[in-house]
Amino acid sequence: MNDLSIDAARLLERIRTLGAIGRDESGRLTRLAASDTEKVGRDQFVSWLDEAGLEVAVDRIGNILGIWRPDGVGDRQPLMLGSHIDTVIDAGIYDGCYGVLAALEVIQTLKAQGFASSRPVVVVAFTNEEGVRYAPDMMGSLVYAGGLDLDAALATLGTDGSVLGDELRRIGYAGAQEPGFFKPHAYIELHIEQGPVLEREGIPVGAVQNLQGISWQMVTIEGDANHAGTTPISMRRDAGHAAARVITFLRDRAKGSNTPTVATVGCIDFEPNAINVIPSRARFTVDLRDPDEDRLKEEEAALAAFLDHLAAEEQVGISVERLARFEPVTFDRRIVELVEKAARERGLACRRMTSGAGHDAQMIARIAPSAMIFVPSIGGISHNPKEHTTDEDLVAGANVLLDVVRELARKDCL
């Protein structure tokens, strides 16, 4: 199977070209969904699709599809490959983009070699995977899979007051196709790990067998503002102190567990936010993750019980808003085995693993057999300009994807 390889130089050059799009005067890379900078990135991607001779389709949520229809495939369901090209603020160049550009490279390589695919092969760049400007994250793939109403998604209000549907029209990517118009036979997503496991163990390929469930909540604590110097500790209704207790509870519970549960408070805001005033209000996010649904529910219940106890003990009001909730995903065993086989035949060590981050693959897994391939992230760093994967690992991962696609496109093995 390893008699064919992708064009490494072309892949690496495209990664760096896309990585230069969206930088500000300080050199920070930011391509938020449906922004002016993401439009430039989208335009560049579409130009590469045209260059590769692929049919370009854009659906109403802005997902971009590059479609290769070999002769004789008719209306068979396609193999779908891809990820996203929107970024976080001050991003690295690999997250999402690597998977999209490697998928394009795989299709170009097969097309140039006259590979006799038994079905169409599609590369997709999903809209708003990061969820920085519009919530929830993984929106384009969620709408594509039928898990979020299209009109509701298009009406989403951004952090800057913009409306997603208006912005997609403004930048020219409000397409005509209905999301999900091309139901995949299977979906494969190549991605950097965004964690330290592969690098630490010296393994170049991860066959991702499952993905953690995610629970996002916004907690609001109401106390009383008062003078920081004249109010005795025993007489305070301190929303800031109560928030600190929640943060400590979550960290201690996760640290003391022998499970892979993780908990994070990533955003926090105090009112009135003055150095000499006891906070009257604290608002903060809670991100809970676990690959087991029962354990995730247990952590949610433990947090709810602690908040009830805290409200009574600190004499504060506490309310909770659910922001997002995704169940854990188990990927298709047959595709995972094909990833392992492809790595083995290229002489690459491979290990099965769990993804701690959310990905478009978890949404498409609702409608098609899906799996992911990971390559190492140096230092486990992502969502950061220091994000880095070696050229050797990037090329190796793309070649493993190439072999898996050849296997899936050659015969009906699913």
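Predicted model: local features only at pLDDT ≥ 70, side-chain atom pairs only at ≥ 80, totals over all residues.
How much space lies in the second largest cavity? About 40 Å³ lies there.

View 1. A search of the whole structure finds 2 cavities of 30 Å³ or more. The second largest cavity holds about 40 Å³ of space. By class, the lining has 2 nonpolar, 3 polar and 3 charged residues.

**View 2. The largest pocket and the residues closest to its centre.** The volume of the largest pocket is about 1,400 Å³. Its lining is made of 44 residues. Closest to the centre are Asp-137, Trp-216, Asp-287, Arg-289 and His-383.

**View 3. Strands and domains around the largest pocket.** β7 (213-222), β8 (262-264), β10 (281-290), β11 (317-326) and β13 (350-355) each supply at least two lining residues. The largest share comes from β10, with 5 residues.

**View 4. Helices α3 and α12 at their crossing.** Helix α3 covers residues 97-112, and helix α12 covers residues 391-410. Their axes come within 9 Å. The crossing angle is roughly 55°. The two helices are therefore oblique to each other. Their crossing is right-handed.

**View 5. Helices α2 and α6 at their crossing.** Helix α2 is made of residues 36-51, and helix α6 of residues 164-171. The two axes come within 10 Å. They cross at roughly 50°. This angle makes α2 and α6 oblique to each other. α2 passes α6 in a right-handed crossing.

**View 6. The cis peptide bond between Ala-135 and Pro-136.** Omega is about 5° at this bond. Pro-136 sits in a loop. That loop runs between β4 (121-126) and α4 (139-144).

**View 7. The cis peptide bond between Glu-271 and Pro-272.** Here omega is about 0°. Pro-272 is found in the loop between β9 (268-271) and β10. β10 also supplies 5 residues to the lining of the largest pocket.

**View 8. Gln-315 and its positive phi.** The phi of Gln-315 is about 55°. This value is positive although Gln-315 is not a glycine. Gln-315 lies in the loop between α9 (293-314) and β11. β11 is one of the strands that supply at least two residues of the lining of the largest pocket.

Terms used: Residues numbered from 1 in each chain as written. Heavy atoms only, no water. 1 Å grid on protein atoms, 1.4 Å probe; cavity = no way out; pocket = protein on both sides within 12 Å on 5 of 7 lines; lining within 4 Å. Points joined across faces, edges and corners; volume = space filled by probe spheres on them. Helix = DSSP H or I, 4+ residues; strand = E, 2+ residues; numbered from the N terminus. Domains from an automatic or database assignment. Axes fitted to C-alpha atoms, helices over the stretch in contact; angles between N-to-C directions. Parallel < 35°, antiparallel > 145°, perpendicular 65-115°, else oblique. Left-handed = near helix turned anticlockwise from the far one by under 90°. Nonpolar A, V, L, I, M, F, W, Y, C, P; charged D, E, K, R; others polar.
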